[in-house]
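Colleague: I would like to learn how to read the packing of helices and the surroundings of a metal in a model such as this. Could you take me through it feature by feature?

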Amino acid sequence: MVEDEFLDVTSQPLADRLVGAGLGVDAGGAYCWRCGYSIGVFESDGGGCGRCRGIRQPWGQTVRLGAYVGVWAGCVHEVKYTRFGQLGHELGVLLGRRLARRLVDAGVDMQRVLVVPVPTSLRRRLSRGIDHPRVIAGGVGRGLGVGTGVRVPVISVLGRKHRPSQTSLPASERQVSVRGTMSVSRASAWWVRMCRPGVERRLRAGATVVLVDDVTTTGATLREACRALRVWAKSAGVGQLQVVLGVVAVTEERRGGVEKGLDGV
Ligand SMILES: [Zn+2]
């Protein structure tokens with residue numbers, strides 16, 4: 001309401017866009033359940049797809065809405081650069097409903113699920129005026145609740161140091177550039193322990209963390225977030241964390257090995 005009335009920020013509702021573009025949400029079989037990349041029919045099996053099979057990754061599964069092209073790229077761009085929070089929330093709800101289906105199918109206990117957004121640095125939040133992964137994560141929490149009838153907590157526990165944009169870096173250097181930039185501060189850990197007993201209970205029972213971001217390209221940012229979460233879990237003496245990725249869009253590799261996208265921006 002505030003956006004509509006006072007900021008004059010308006011946007012076409014998500015459902016209209018999808019119908020207008022002749023697009024639904026990705027069918028589960030259109031991408032690899034493990035790494036999230038687009039694949040052909042029957043190209044993935046229990047171990048993933050040809051791209052990720054045999055490669056270690058710190059999350060178990062990936063759920064996405066689409067490839068980072070067309071309408072999905074437009075939506076992500078709009079949320080990020082025009083501060084259109086309502087669209088971010090709608091994307092999150094859609095993603096949350098899809099995640100709910102996947103988690104229930106996988107037999108995950110919804111009473112142990114937590115949603116954590118990938119953090120953005122304070123400088124970026126201030127310059128953009130929106131913490132877009134956090135907005136999307138709020139929608140994911142809502143969508144998970146709608147899909148399962150369980151209230152799923154959303155906690156922004158991760159903090160991030162500012163680093164120059166990753167878009168200018170080749171894929172090989174992104175992991176090095178992002179390493180060590182994320183952590184759960186003592187204050188955040190204390191806040192969870194003292195103020196969020198439901199979250200603490202889930203952690204002790206061995207939580208499944210749904211890690212939420214808008215776009216992934218190389219996965220470097222998400223790997224760093226997983227590392228920081230596991231360091232926290234270890235220092236807090238809680239059980240093993242299972243991580244499931246929830247991303248709006250996945251940037252696909254271009255021919256010639258050059259990747260373009262907005263990973264970690
Ligand atoms: Zn794969």
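Colleague: At what angle do helix H8 and helix H9 pack, and how far apart are their axes?

Modeller: Two packed helices are described by the angle between their axes and by the distance between those axes. In this predicted model, helix H8 (residues 186–195) packs on helix H9 (residues 197–204) at an angle of about 100°, and their axes are 6 Å apart. Angles of 65 to 115 degrees count as roughly perpendicular, and H8 and H9 are therefore roughly perpendicular to each other. On the H8 side the contact is made by Val-192, Arg-193 and Cys-195, and on the H9 side by Pro-197, Val-199, Glu-200 and Leu-203; by class these residues divide into five nonpolar, no polar and two charged.

Colleague: How do helix H4 and helix H6 pack, in angle and in distance between axes?

Modeller: Helix H4 (residues 85–105) and helix H6 (residues 132–148) pack at about 45°, with their axes 6 Å apart, and that angle makes H4 oblique to H6. The crossing in which H4 passes H6 is right-handed. Among the residues that meet are Gly-85, Gly-88, Gly-92 and Gly-96 in H4, and Gly-138, Gly-139, Gly-143 and Gly-147 in H6. The contact of H4 with H6 has 11 nonpolar, 10 polar and two charged residues.

Colleague: Which residues of H3 and H4 make the contact between these helices?

Modeller: To begin with the geometry, helix H3 (residues 70–81) and H4 pack at an angle of about 130°, with their axes 9 Å apart, which makes H3 oblique to H4. Trp-72, Cys-75, Glu-78 and Val-79 of H3 make the contact with Leu-87, Gly-88, Leu-91 and Leu-94 of H4, and these residues divide into six nonpolar, one polar and one charged.

Colleague: Turning to the metal, which residues coordinate the zinc ion?

Modeller: The zinc ion is coordinated by the SG atoms of Cys-32, Cys-35, Cys-49 and Cys-52, at 2.3 to 2.4 Å. The angles among the four donor atoms are 105 to 113°, and the site is tetrahedral. Along the chain, the donors follow the spacing C-x2-C-x13-C-x2-C. Cys-32 and Cys-49, 17 residues apart, link distant parts of the chain, although each of them is in the loop between helix H2 (14–20) and strand E1 (61–67).

Definitions and conventions:
Residues are numbered from 1 along each chain as its sequence is written. This is a predicted model: local features need pLDDT of at least 70, side-chain atom pairs count only at pLDDT 80 or more; totals for chains, interfaces and linings use all residues. Side-chain values use heavy atoms; hydrogens and water are left out. Axes are lines fitted to C-alpha atoms, for helices over the stretch in contact, and angles run from 0 to 180 degrees between N-to-C directions. Helices (H or I, at least four residues) and strands (E, at least two) are DSSP runs, numbered from the N terminus. Angles under 35 degrees count as roughly parallel, over 145 as roughly antiparallel, 65 to 115 as roughly perpendicular and the rest as oblique. A crossing is left-handed if the near helix is turned anticlockwise from the far one by less than a right angle, and right-handed if clockwise. Contact means heavy atoms within 4.5 Å. Ala, Val, Leu, Ile, Met, Phe, Trp, Tyr, Cys and Pro count as nonpolar, Asp, Glu, Lys and Arg as charged, and the others, Gly among them, as polar. Donors are N, O and S atoms within 2.8 Å of the metal (3.2 Å for Na, K and Ca); water is not among the atoms, so sites may look incomplete. Four donors count as tetrahedral if all angles lie between 85 and 135 degrees; four count as square planar and six as octahedral if opposite donors are over 155 degrees apart and all others between 65 and 115; anything else is irregular.
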